[in-house]
Amino acid sequence: GAFTDAREALRATREESIDLYVSEPSNPWVVGVADLYTLEYLEQVKARLSPKGVVVQWVQAYELNDAIVKDILCTVQAVFPHVALFRLGVGDLALVASPTGLHPRLDQAADWFRDPEIAKTLDGAGARNFPQSMDELVLFNLAGPAAVAEHCEGFNAPLESRFPRLEYEAPRFVFGQQTARRLIRALDGRIRAPLAGLATDWFAEHPLDDARRAAVGAFLQSEPYDYEPALRAAAQGPAGIPAGLRALFARLPTPEAADAVTASEVCRDLHTTVEWLADDFDTAIGPAVPPLAGWIAKCRTLPPPAPP
């Protein structure tokens, strides 16, 4: 129950004695905090983990650029070879890391959600955006260890205490309104082929029925998830089709009946009306807008439309 510096607490902890280590420091531009993302600090954490211990590291994706967030991610991966990436909100990421391997037991976790006491506790949290089923929890997973390892392949510039570049680079982006969008899109295994991650595995083994799909759709409708248009559309079915597409539907020919000029115009309209659709059509819970499956396939065979 004592309050102390994380590094001092680690020094006073026996080696191989921690089963779960959760680090949620302040933003890395705060003086002294950047050290909690360094190679040296992470090595201290690793030495105090039990043989099957797990680390959870919060990372902000807001007011930082892609390069800095990659530095943090790949520094963690350099110490803990098995890292899964989760998205907690529009600006919050969590790294779940282990030196020996992550072996999620999804069916067992699903049983925990059905436990009346756990369900009561989750319901009492008072926030609908908190997952209350495995269907909802797996949608937090952006990437598994294989995808993270591939993304960090060749990384040779880990964050170090003796060269505290994070502490000096991070403040430059405080008012820059940047987020690590490109890194998140590159790693997001819930969207686009080849789909990979907990969501893909879970829904392949446990296909959504109408009731569960409606529950997932309601979950993704909650305010913190309004940045997930493809997943929201896939979960909600016809109700999730963006308003801008409804008028377009009324005048669409079939892809087979469209000549080259018409096809080019339709694909341009799709890109313009819903810019995410062409790239984010495929999701772990099905196509984002099923009626457009034929047109999306056709548009992918055509050159991308020229910018206006």
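The axes of helix α11 (residues 210-221) and helix α12 (residues 229-236) come within 8 Å and cross at roughly 150°, axes being lines fitted to C-alpha atoms over the stretch in contact, with angles from 0 to 180 degrees between N-to-C directions. Helices are DSSP runs (H or I, at least four residues), as are strands (E, at least two), numbered from the N terminus. The two helices α11 and α12 are therefore roughly antiparallel, a term for angles over 145 degrees. The contact (heavy atoms within 4.5 Å) involves R213, V216, G217, L220 and Q221 of α11 together with L231, R232, A234, A235 and Q236 of α12. These residues comprise 5 nonpolar, 3 polar and 2 charged.

The model is predicted, with local features requiring pLDDT of at least 70 and side-chain atom pairs pLDDT 80 or more, whereas totals for chains, interfaces and linings use all residues. Residues are numbered from 1 along each chain as its sequence is written, and side-chain values use heavy atoms, without hydrogens and water.

The largest nonpolar core has 47 residues, and L245, L270, L277, V289, L292 and W295 have the most contacts inside it. Such a core is a set of buried Ala, Val, Leu, Ile, Met, Phe, Trp, Tyr and Cys residues joined through side-chain atoms within 4.5 Å, buried meaning under 20% relative accessible area and exposed over 50% (1.4 Å probe, protein chains only). Helix α12 gives the most to this core, with 5 residues. Apart from this core lies another, of 41 residues, including Y37, L64, I72 and A97.

Residue E16, in the loop between α1 (6-11) and β1 (18-23), has a positive phi near 55° and is exposed, with a relative accessible area of 57%.

Key:
Angles under 35 degrees count as roughly parallel, over 145 as roughly antiparallel, 65 to 115 as roughly perpendicular and the rest as oblique. Ala, Val, Leu, Ile, Met, Phe, Trp, Tyr, Cys and Pro count as nonpolar, Asp, Glu, Lys and Arg as charged, and the others, Gly among them, as polar.
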